Amino acid sequence: MSQKILMTGASSGFGRGTAIALARLGHKVVAGAETWPQVRELRADAAEAGVELEVIKLNLLDKIDIAHAGSFDPDVLVLNAGVMEAGPITDIPMQRARESFDINVFGHLELVQAIVPKMVARRAGKVVWTSSMGGILVVPFLGIYCATKHAIEAVAGSMKVELAPFGVKVATVNPGAFLTGFNDTGVESHVQWYDPKTAVVPMPDFTEGLANQADPQEMIDAMVEIIPAKEHLYRTMRPFATVDVAKQWQETEWTQNA
């Protein structure tokens with residue numbers, strides 16, 4: 001059955017691939033892109049793919065954009081947009097830390113508060129948060145990014161219980177390291193402000209860590225499967241090998257010394 005789906009962060013990576021694939025399956029997808037050039041590019045991509053996709057400008061730092069997106073009444077709200085800012089916790093500019101939370105967490109919360117009451121009123125709907133493996137474990141020098149994803153895990157977990165009596169479901173998707181360009185851009189972001197001469201903690205070389213990223217199609221396929229599904233697991237993590245890594249990380253937090 002065709003569903004109305006609103007997705008943030010649909011201009012690239014998982015978002016773009018998932019939005020187009022869902023539209024190809026017959027779902028009515030409203031795809032949010034941060035800038036007008038990205039809006040036009042995504043519309044062109046949809047036309048080239050032969051699918052019908054409604055694309056809106058949705059910058060999560062723009063109150064007008066959020067208000068416009070909040071006027072929709074989707075069956076499924078997919079909160080997929082995100083930014084990654086690398087850097088030591090002791091050195092990262094507070095502006096970048098706050099922006100990370102404003103985009104990854106607070107902008108999405110504003111959408112939740114605009115759209116989810118409509119789901120509660122009709123006693124049906126679903127919210128899917130794109131978290132990360134970084135919502136379960138911590139990657140050093142990506143601590144602010146991981147903190148936003150830890151916040152999403154807490155918000156989603158609370159929403160799941162709070163909204164269940166009203167027939168509204170909540171779930172997370174937790175990508176590991178996939179070759180979408182997001183991770184590469186994220187770890188490069190510090191070059192605009194980081195000064196090794198004055199930094200408290202030196203930045204490492206991320207080259208090796210970025211060398212073996214997985215094919216993003218695996219995550220896209222999983223998202224396309226669970227977003228419109230009536231029944232599925234609360235958390236969907238890919239690649240599957242990352243699941244074991246995340247579980248092992250949680251166990252070590254109970255056993256390792258400070």
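Modeller: An axis here is a line fitted to C-alpha atoms, for a helix over the stretch in contact, and an angle runs from 0 to 180 degrees between N-to-C directions. This is a predicted model, in which local features need pLDDT of at least 70 and side-chain atom pairs count only at pLDDT 80 or more, while totals for chains, interfaces and linings use all residues. Residues are numbered from 1 along each chain as its sequence is written, and side-chain values use heavy atoms, with hydrogens and water left out.

Colleague: What makes a stretch a helix or a strand here?

Modeller: Both are DSSP runs, numbered from the N terminus: a helix is H or I over at least four residues, and a strand is E over at least two. Residues 94-122 form helix α4, and residues 143-163 form helix α5.

Colleague: Why is α4 called roughly parallel to α5?

Modeller: Two packed helices are described by the angle between their axes and the distance between the axes. For α4 and α5 the angle is about 15° and the axes are 9 Å apart. Angles under 35 degrees count as roughly parallel, over 145 as roughly antiparallel, 65 to 115 as roughly perpendicular and the rest as oblique. The angle of about 15° is under 35 degrees, and therefore α4 is roughly parallel to α5.

Colleague: Which residues of α4 and α5 meet?

Modeller: Contact means heavy atoms within 4.5 Å. Among the residues that meet are Phe-101, Leu-109 and Val-116 in α4 and Ala-151, Val-155 and Leu-163 in α5. The residues of this contact divide into 15 nonpolar, three polar and no charged. For that count, Ala, Val, Leu, Ile, Met, Phe, Trp, Tyr, Cys and Pro are nonpolar, Asp, Glu, Lys and Arg are charged, and the others, Gly among them, are polar.

Colleague: Why is His-108 called buried?

Modeller: Buried means under 20% relative accessible area, exposed over 50%, and partly exposed in between, with a 1.4 Å probe and protein chains only. His-108, found in helix α4, has 0% relative accessibility and therefore counts as buried. Leaving aside neighbours within four places in sequence, His-108 is in contact with residues including Thr-8, Leu-60 and Trp-129. Trp-129 is in strand β5 (residues 125-130) and, at 0% relative accessibility, also counts as buried.

Colleague: How do you know that the side chains of Asp-73 and Arg-122 make a polar contact?

Modeller: A polar contact is a pair of N or O atoms within 3.5 Å; within protein, one must be able to donate a hydrogen and the other to accept it, and residues adjacent in sequence count only if both atoms are side-chain atoms. For Asp-73 and Arg-122 the distance is 2.6 Å, which is within 3.5 Å.

Colleague: Which side chain makes a polar contact with that of Gln-213?

Modeller: The side chain of Asp-184 does, at 3.2 Å. A polar atom of the Gln-213 side chain also lies 3.2 Å from the backbone oxygen of Leu-210. Gln-213 sits in the loop between α6 and α7 and, at 11% relative accessibility, counts as buried.

Colleague: Where is Ser-189, and why is Ser-189 called buried?

Modeller: Ser-189 is in the loop between α6 (182-188) and α7. Its relative accessibility is 13%, so Ser-189 counts as buried. A polar atom of its side chain lies 2.6 Å from the backbone oxygen of Gly-186.
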